[in-house]
Amino acid sequence: MAFNAKTSANLISARKLPDVVDRAVKLAAERVGPLDAAENHYVPKWDLIGRRLRNAALADRFATEVTAQISASGFKVEPAVFKVGGITIAGFIERDLLPQLRGF
């Protein structure tokens with residue numbers, strides 16, 4: 001495949017971004033089938049506090065154990081596991097910082 005130095009990236013204006021995302025979500029839902037998700041909502045950025053695990057099979061158990069220990073100290077947290085591209089991070093999210101659904 002040859003590299004074309006004259007090709008420029010397509011830009012999407014901030015004003016059009018919600019429409020582009022909404023259209024992409026609708027098309028994906030049509031291709032995948034019925035989803036058990038709230039319509040026209042997105043999840044804003046949030047923080048998962050945890051560790052990268054080599055053994056993904058232990059992720060749920062590790063997250064639950066860490067959460068139990070932290071909860072015993074009086075903090076409000078929920079277990080969380082994030083998996084992407086072969087990377088597994090297990091830990092917790094502060095309950096007050098859990099993602100909130102917001103409409104476009």
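Reader: What share of the contacts in the protein with a separation of 6 or more comes from residues 24 or more positions apart?
Author: Such residues account for 57% of those contacts. Keep in mind that this is a predicted model.

Reader: Which elements make up the secondary structure of the protein?
Author: There are two helices and five strands. Along the sequence they follow the pattern α-β-β-α-β-β-β.

Reader: What makes β2 and β4 a pair of strands?
Author: Pairing takes at least two bridges between two strands. β2 and β4, which spans residues 87-94, have five bridges. Five meets that cut-off, so the two strands count as paired. Their sense is antiparallel. One of the residues to look at is G50, whose bridge partner in β4 is G91.

Reader: Through what do strands of a sheet pair?
Author: Strands of a sheet pair through backbone hydrogen bonds. The pairing can be parallel or antiparallel.

Reader: In what order do the three strands of the open sheet come?
Author: The order is β2-β4-β3, with antiparallel pairing.

Reader: Why are β2 and β3 called edge strands?
Author: Look at their sides. β2 (49-53) and β3 (77-84) each pair on one side only. From one strand to the next, the twist averages 20 degrees.

Reader: What packs on the sheet?
Author: Helix α2, residues 59-72, does. This helix touches β2, β3 and β4. Its direction makes about 155 degrees with that of β3.

Reader: Why is T67 called buried?
Author: Compare its value with the cut-off. Buried means under 20% relative accessible area. T67 has 6% relative accessibility, so T67 counts as buried.

Reader: Where is T67, and which residues does it touch?
Author: T67 sits in helix α2. Leaving aside residues up to four places away in sequence, T67 touches V77, E78, P79, G91 and F92. G91 is also the bridge partner of G50.

Reader: How do you know that V25 is partly exposed?
Author: Set its value between two limits. Partly exposed lies between buried, under 20%, and exposed, over 50%. V25 has a relative accessible area of 47%, so V25 is partly exposed. V25 lies in helix α1, residues 17-32.

Reader: What do I12, L17, V21 and V25 make?
Author: They make a nonpolar surface patch of about 320 Å². A patch residue needs over 30% relative accessible area. V25 has 47%, so V25 passes that limit.

Reader: How much of the whole protein counts as buried?
Author: Of its 104 residues, 12% count as buried. The protein exposes about 9,100 Å². Carbon and sulfur atoms supply 55% of that area.

Key: Residues numbered from 1 in each chain as written. Predicted model: local features only at pLDDT ≥ 70, side-chain atom pairs only at ≥ 80, totals over all residues. Heavy atoms only, no water. Helix = DSSP H or I, 4+ residues; strand = E, 2+ residues; numbered from the N terminus. Axes fitted to C-alpha atoms, helices over the stretch in contact; angles between N-to-C directions. Contact = heavy atoms within 4.5 Å. Buried < 20%, exposed > 50% of the residue type's maximum accessible area, 1.4 Å probe, protein only. Patch = residues over 30% accessible without salt bridge, like charges linked within 9 Å, V, L, I, M, F, W, Y side chains within 5 Å. Areas by Shrake-Rupley, 256 points an atom, 1.4 Å probe, with all protein chains shown as cover. Salt bridge = Lys/Arg side-chain N within 4 Å of Asp/Glu carboxyl O.
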